Amino acid sequence: MSLFLDRLIFFRRRNEKFAGGHGVTTDEPRGWEDAYRKRWQHDKIVRSTHGVNCTGSCSWKIYVKGGIVTWETQQTDYPRTRPDMPNHEPRGCSRGASYSWYLYSGNRVKYPLVRSCLLRLWREARAIRTPVAAWASIVEDAGKRASYVGRRGLGGFVRANWEEVEEIIAAANAHTIKAHGPDRVVGFSPIPAMSMLSYAAGARYLSLIGGVCLSFYDWYCDLPPASPMTWGEQTDVPESADWYNAGYLILWGSTVPQSRTPDAHFYSEARYRGAKSVVVSPDYAEATKFADLWLHPKQGTDAALAMAMGHVILREFHLDRQVPYFDDYARRYSDMPMLVRLSRQGEHYVPERLLRAEDFSDALGEGNNPAWKTVAFDEAGTPVVPRGSVGFRWGEQRKWNLEPRDGEGREVNLALSLAGGDVASVAFPYFGGAASNGFAATEHAAVQSRNVPVRRLPLADGETLVATVFDLLCANYGLDRGFGGGNVARDYEADQPFTPAWAERVSGVPRHQIVHVAREFASNAEKTGGRSMVILGAGLNHWYHMDMSYRGIINLLVFCGCVGQSGGG
């Protein structure tokens, strides 16, 4: 009614202008402003974070009124790191700012839900049978099973109570164990860093019944398995602020502004220091706007691109020209000087395993854990046991390090290659000829034989051929080093795995761009002491063969001495 009267007297309102018509004074009531002011009222402010499956863990001020979260703002009390680094603040994203909307959303699942057709079958069976027998009567009846399995993806959930749902799950687990064995029950708990109690409860349950414990990584394929394969660690990554120290950045399958929003400014700010950025992504992703060069390989062909870049770096920075920093890094901090046993298979040899001190009749004087100590040649051609292998970590004190010394403490300079002596034909597998599901296949043989420098060693089980990891690595990349034989490439135009020309055919990335990025990445690392970095994202991890893609990228970092360096890795 008051609104109706207000409209009737609209033309009788006092309406005075001031400031040359830029302002106006009226006699309207201002009670409506209370609603706006109350929107921002609060009883208290508490510190919290939005750590539900987010590793950002940004600190937020949570404004609470009557026990209800009303709104949120970012905390601004992060400590500074050092004067030459950007501040971490502000940390937060639009998803965090709107988190309270999700907290009280009607779409949030607060109660157990079951597909209605399954719940109806369960209640009918449970009325006359024990829990396990009731579940068996459903899943062993093809018609009943199809009635609810066929509805997957179509909704149709109804609310149930916890007791009923827990009984269904327990009965299903018990029936599965009875019919198929306990290893057919597979599950995962929340990440331990998020909720130790929840993780421990789920892991303990699966362990007690003999089930298989997975992790949430296995669920959405976000774990880079090549990291633990290579280093024994889950991931080998720097603090995000170290992006700022890089001189050359490759974003490979990662959309930093979207998935690492609180840290994205370190990436963009690095550009002000002159850092160059390359983005590798099949689509025009959110990070692509930062790129100096955008490489867009066909989905899932990242391994081909990485191998071709490694081909270029090995050729130009390790073979045709030896960069002192790269050479010293490879000898000190990589397994490239280590020896590998070769075993005979048909007309060729194949790499077997790393040579170990226990393979020698005298264990090379190593009495402690000789089965876990790798062997290399020094520059004089004498077998030595360099420190740094896992055998030095246990049972002996102060010897587990990466100093260029052997087990006796003598300084050694390990030999990377056995070139200059005998060569043998070594077979390497090639999977690119059997490509499917839309990948471009090539006509190369499934087994590629290449000549590799070798040396014969008298071991406890007889004379054995050995080769260094470096020589095998170069052969696997298809590099012609003048040892004769086929399946190698002297130039980048050769139609041989893994040249830039070959990679262009597989990935669609122009060969000149592959050569250009590989040269720049390695040149920057040479000039800066390893400050070339790859920010690797889950875009690669969702492919079945992603461990090979990831290892191809790890190789680039090791070739250029980047791992373990500030601004690199």
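Which residues in H20 are buried?

What we have here is a predicted model, where local features need pLDDT of at least 70, side-chain atom pairs count only at pLDDT 80 or more, and totals for chains, interfaces and linings use all residues. Residues are numbered from 1 along each chain as its sequence is written, and side-chain values use heavy atoms, leaving out hydrogens and water.

Okay, H20. Helices here are DSSP runs of H or I, at least four residues, and strands are runs of E, at least two, numbered from the N terminus. Buried means under 20% relative accessible area, exposed over 50%, and partly exposed in between, with a 1.4 Å probe and protein chains only. The buried ones in H20 are Met546, Asp547, Ser549, Tyr550, Gly552, Ile553, Ile554, Leu556, Leu557, Val558 and Phe559. That's 11 of the 14 residues, so H20 is largely enclosed by the rest of the structure. After H20 comes Gly561, with a positive phi near 65°.

Next, Tyr148, over in helix H7, residues 142-149. Tyr148 is buried too, with a relative accessible area of 6%. If we skip residues up to four places away in sequence, Tyr148 touches Arg115, Cys117, Leu118, Leu121, Trp135, Ile138 and Val139, where contact means heavy atoms within 4.5 Å. Take Cys117: it sits 31 residues from Tyr148 along the chain, yet their C-alpha atoms are separated by 5.9 Å.

Last stop, Val186. You'll find Val186 in strand S8, and it's partly exposed, with a relative accessible area of 45%.
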